[in-house]
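Try each task before you read its solution.

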Amino acid sequence: MVSVYRWRLAPDGYATRRQLRALDLRPGGQDVAAQLERPRRRRGPLVAYLYRIDLAKPVWPMTPARWAALAKANRARRICPQCRTDAGYVIPASLGTCVPCASPSTSPRSA
């Protein structure tokens, strides 16, 4: 059974995934050691899972191949699927295309 603590009352030695990452650590395959619960009025409580810091392992280092893959993925997010040009920014998922393609009536390209 996992220990349950109230929000902000967990003992030292436990951390969430984000807190571990800030310390350059990862859970490393360990099971959830405890959980925090923050009560809410009309819904179920918010839950945060905690891991033991002493069992955490260091994060994997970024290799040149991983840096290249990340750069390629970010570059692909900048290419407009409609006009196939580099927008110079990450295409918003809400639009799905670059701003000039999303609103062609106000586009400077149509002139």
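**Exercise 1.** Work out whether Asp54 is buried or exposed, then find its salt-bridge partner.

*Solution.* Start with the surface: Asp54 has a relative accessible area of 56%, so it's exposed (over 50%; buried is under 20%, partly exposed in between, with a 1.4 Å probe and protein chains only). Next, look for the partner: the side chain of Asp54 meets that of Arg52 in a salt bridge, 2.7 Å from N to O. That passes the test of a Lys or Arg side-chain nitrogen within 4 Å of an Asp or Glu carboxyl oxygen. Finally, check Arg52: at 33%, it's partly exposed.

This is a predicted model with residues numbered from 1 along each chain as its sequence is written. Local features need pLDDT of at least 70, side-chain atom pairs count only at pLDDT 80 or more, totals for chains, interfaces and linings use all residues, and side-chain values use heavy atoms, leaving out hydrogens and water.

**Exercise 2.** How many salt bridges does the whole structure hold?

*Solution.* The search finds two. Besides the Asp54 and Arg52 bridge, Arg78 pairs with Asp86, with the closest N and O atoms 3.2 Å apart. Arg78 is partly exposed at 31%, and Asp86 is partly exposed at 43%.

**Exercise 3.** Count the disulfides and explain the result.

*Solution.* The cut-off is a pair of cysteine sulfur atoms within 2.5 Å. From Cys80, the closest cysteine sulfur is in Cys83, 3.6 Å away, which is too far for a bond. From Cys83, the closest is in Cys101, at 3.6 Å, again too far. The count is zero. As for accessibility, Cys80 is buried at 0%, while Cys83 is partly exposed at 26%.
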